[in-house]
Structure formats: C-alpha cells, structure tokens
Amino acid sequence: MAVATTAQDGDSQTLVSSTTQEGVGVISGNLQGEKPVAVARLTASKDGEKSIIDSMRCTLKKENTNPDCDGGSEHCEAIGVCIDELVISYLQNLLEEENNAVGTDTLHFDGGIRFRGTLFSGKLLEARGFREATQLSADMHSHESDFDGALTNYAERSTSTDISKSPGARDRSLKIVSLLSKLDRNEDTKGEVEEEDDEEDSDYDPWASVKRYL
C-alpha cells in the first residue's frame, strides 16, 4: 500500500490518499480535527474496463453555508477535495500506463471515471466538467468524466475569484489542467467512442432484474 499525505497552506483540508488493489481511497479532514470529515473511493466498475467513484461520504451538514469555502459550504469543499484528488490520482495512473504501455491502452479519461450521483453531488461533479450519463450500464452510473468539460471547468476554477480564498483548490485545478494537457485528446476521446459501440453490441439488459415482476 502506498500512502501519501498532503496539506496545502491556507487550505482547510488534510488529505490522506491510499492505493490498493481494490482502488484508490481519499480521506479528507480538518487540520485541527482527529476524525475525517469526508471519504471517497475510486475502484473498478462492474464491467472491469472503467473506474467508478462508488463511495463518497461527508459528516458535515449540507445546510451549513460558508461563503469563504470552495462551493459555498464546508460540506462542498470537503467533498470537492475528494473528487479532485481522485481525478488527479486517476490521471497520474493513466499517464504512467501510457508511458509504460505495450500494445493497446486500457485506460482513458473521457468516460473513464463513473459516478452514481445524487442531485446534490451531481452539481459538484458538473461544476468540474463531469457529464450526465446517456446510456444505462451495469453499475447504474449517473455521471462520467468528460475530457473537454474537465479541461474547461478546471481551467476556469484555477482563475476563479470564487476559490481565491482556497489556495488548495486552485493548486489542484492547475494540476489537473496540467495532467490533462499531457494527454492526446483525439486518442482519448476516440477510445470512448469505440467502447460505446461495444456497449451497444453487448448482451447486457439493464431491466433483467425487474422483468420477472412485469
């Protein structure tokens, strides 16, 4: 297990990221506290060809707003930190695989990260360029990563005055933009189109579990 801890100056979050065979986990907590306030995990999806953020929890109340926080509340900031760090981890693994690849690459960013979102978490994902899913899948995800959306939104976040009081958020946005710029956009988005064609030709039936009740 590889463990790394980071704490940006001026940021209200401490991050502990751990990578195992099961996936990547992120724990986000206040620098002064003993317990984490938010946790998230990125792991392999059911089809084994993509990744999914299958768990994301936060102990802070959504209703408690704070204009000094990224997203308008401590809850949004804590969850946002987890999302950003998982995106960074995924991109780093993707680039490492590209550098060491022999033959066809198996990872790509466009559509490579899935998430089963709620109305609330969906807004945080869309603010970071995730798009709504257009096809049903075995893991029943609602959002997926989008290359152009992420590049645009994270670039805007890196220069936004709304997060000027959160240096950590700006640094993470700049890092994600830098990592995305190292990818070949045409190759990355082409891989997603090819996989969508494969999914259309598959025998997966999303309604199989409820047909017995019809």
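Two strands pair if DSSP finds at least two bridges between them. Helices (H or I, at least four residues) and strands (E, at least two) are DSSP runs, numbered from the N terminus. The model is predicted: local features need pLDDT of at least 70 and side-chain atom pairs pLDDT 80 or more, while totals for chains, interfaces and linings use all residues. Residues are numbered from 1 along each chain as its sequence is written, and side-chain values use heavy atoms, without hydrogens and water.

**Exercise 1. Strands β4 and β5**

Determine how many bridges join β4 to β5, and state which residue stands opposite T43.

Solution. 
- Step 1: Strand β4 covers residues 38-44 and strand β5 covers residues 51-58; 7 bridges join them, and they run antiparallel.
- Step 2: Opposite T43 stands I52 of β5.
- Step 3: β4 and β5 form a hairpin with 6 residues between them. In its turn, G48 has a positive phi of about 75 degrees.

**Exercise 2. Helix α1**

Compare the span of α1 with the expected value, and decide whether the helix is largely enclosed or open.

Solution. 
- Step 1: The expected span of a helix is 1.5 Å times one less than its number of residues.
- Step 2: α1 has 27 residues and reaches 39 Å from its first C-alpha to its last, close to the expected 39 Å.
- Step 3: Buried means under 20% relative accessible area, exposed over 50%, and partly exposed in between (1.4 Å probe, protein chains only).
- Step 4: Of the 27 residues of α1, 19 are buried, so the helix is largely enclosed by the rest of the structure.

**Exercise 3. An aromatic pair**

Explain why the pair of Y90 and F109 is classed as it is.

Solution. 
- Step 1: Rings of Phe, Tyr and Trp (its six-membered ring) pair if their centres lie within 6.5 Å; planes under 30 degrees apart count as stacked, over 60 as edge-to-face and the rest as tilted.
- Step 2: This rule gives 1 aromatic pair.
- Step 3: The ring centres of Y90 and F109 are 6.4 Å apart and their planes stand at 55 degrees, so the pair is tilted.
- Step 4: The pair links distant parts of the chain, 19 residues apart: Y90 lies in α1 (residues 74-100), and F109 in the loop between α1 and β6 (113-115).
- Step 5: Y90 is buried at 4% relative accessibility, and F109 is buried at 1%.

**Exercise 4. Two cysteines**

Solution. 
- Step 1: A disulfide is a pair of cysteine sulfur atoms within 2.5 Å.
- Step 2: The count of disulfides is 0.
- Step 3: C82 is buried, at 0% relative accessibility.
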